[in-house]
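Colleague: I'd like to learn how to read the main features of a model like this one. Could you walk me through it?

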Amino acid sequence: MIYLKTDEEIELMRISNLLVAKTLGEVAKAIKPGVSTLELDKIAEAFIRDNGGTPAFLNYQGFPNSLCTSVNEQVVHGIPNDTPLQEGDVVSVDCGVLLNDFYGDSAYTFPIGEVAPEVKALLEATKASLYKGIEQAIDNNRLGDVGHAIQSYTEERGYSVVREMVGHGIGRNLHEAPEVANYGRRGNGTKLKSGMVIAIEPMINLGKRQIVQEDDGWTIRTIDKKVSAHYEHTVAVRKGEADILSSFKFVEEVLHLQSEK
């Protein structure tokens, strides 16, 4: 069942997603070599609660933390731990919030210090592919158009698309119909309608597309242990142009200031 949202509900979701965006901005201020993902998790949980929200991932189907932090070859659903991040790592930070009865959800892959050129290129291509997918999230298009835009952009550059993990509808529930794959054929799949709200989240690998689940029952990593990147926005389908409800603005302001130091 796909729930179409009213304009009022979409504005409430924009507020939820603004809190996610600001939380990722707080993470951006703290993330550096020597900091652990568990420290980042505590910063995020405190900030979400201080701003009237509830961490969406904490205890969701038993997940133990507020952030998913996936380092290097980990694709998604990494559990924060006390291992310090190292120069050259990358970490996908996925954050969800419940506020005003609606969920927000967004993810950003952070480079830790200087990363290898091929890793930097993967991050840039994955983020760009997210916006290619968003361009297709308009009324009367189909989900295959979104997936095809992401897949074609990344595969043309020699990367591979994770198939088993997908984006999703979002609203009063964190995960709603439909599933939003990052691959597909133009003109195929569910028809998009104004009022649908979906989380689009490319998961793109430097090496092979195959993944495995770690023994913790959560963490997904690449089978060849090569780096993976992951970016996510919550998007409302509209006529003519998609409406991005989440934002990387706060993250990128912090990263820009840091790069100027």
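Colleague: Let's begin with strand E9: which of its residues point one way and which the other way, and are they buried or exposed?

Modeller: A word on the model before that. It is a predicted model, where local features need pLDDT of at least 70 and side-chain atom pairs count only at pLDDT 80 or more, while totals for chains, interfaces and linings use all residues. Residues are numbered from 1 along each chain as its sequence is written, and side-chain values use heavy atoms, leaving out hydrogens and water. Now to strand E9 (residues 197-200): Val197 and Ala199 point one way, Ile198 and Ile200 point the other way, and all are buried. Buried means under 20% relative accessible area, exposed over 50%, and partly exposed in between, with a 1.4 Å probe and protein chains only. Strands (E, at least two residues) and helices (H or I, at least four) are DSSP runs numbered from the N terminus.

Colleague: Which strands does E9 pair with?

Modeller: The general idea is that strands of a sheet pair through backbone hydrogen bonds, either parallel or antiparallel. Here, two strands pair if DSSP finds at least two bridges between them. E9 pairs with strand E7 (residues 167-169) in the antiparallel sense over 2 bridges, with His168 opposite Ala199. E9 is also joined to E14 by 4 bridges, again antiparallel, and there Ile198 has Val235 as its bridge partner.

Colleague: What is the strand order of the sheet that holds E9?

Modeller: The order is E8-E7-E9-E14-E15, an open sheet of 5 strands with antiparallel pairing. Strand E8 (176-180) and E15 are the edge strands, each pairing on one side only. At the E8 end, E7 and E8 share 3 bridges in the antiparallel sense, and His168 has Glu179 as its bridge partner in E8.

Colleague: Which helix lies across E9, E14 and E15?

Modeller: That is H3, which runs at about 15 degrees to E14. Such angles run from 0 to 180 degrees between N-to-C directions, and the axes are lines fitted to C-alpha atoms, for helices over the stretch in contact. Contact means heavy atoms within 4.5 Å.

Colleague: What is the order of the open sheet of 3 strands?

Modeller: Its order is E6-E10-E13, with antiparallel pairing. Strand E6 (160-161) and strand E13 (228-230) are at the edges with a single partner strand each, so one side of each has no neighbour in the sheet. Helix H3 (residues 117-135) packs on this sheet too, touching E10 and E13, and its direction makes about 35 degrees with that of E13. Strand E10 (residues 203-205) is joined to E13 by 3 bridges, and Ile204 has Ala229 as its bridge partner.

Colleague: How many residues lie between E4 and E5 in their hairpin?

Modeller: There are 2 residues between them, and Asn100 in the turn has a positive phi of about 55 degrees. Strand E4 (residues 90-99) pairs with E5 over 10 antiparallel bridges, and Val97 stands opposite Gly104. In strand E5 (residues 102-111), 9 of the 10 residues are buried, so the strand is largely enclosed by the rest of the structure.

Colleague: How do H1 and H2 pack?

Modeller: Two packed helices are described by the angle between their axes and the distance between the axes. For H1 and H2 the angle is about 145 degrees and the axes are 9 Å apart. The contact brings Leu19, Lys22, Thr23, Glu26, Val27 and Ala30 in H1 against Leu40, Ile43, Ala44, Phe47 and Ile48 in H2.

Colleague: How many salt bridges are there?

Modeller: Side chains of opposite charge can pair when their charged atoms come close. The cut-off is a side-chain nitrogen of Lys or Arg within 4 Å of a carboxyl oxygen of Asp or Glu. The whole structure has 12 salt bridges. In one of them, Arg238 meets Asp7 with the closest N and O atoms 3.0 Å apart. Arg238 lies in the loop between strand E14 (233-236) and strand E15 (243-244) and Asp7 in helix H1 (residues 7-30), so the pair ties together parts 231 residues apart in sequence.
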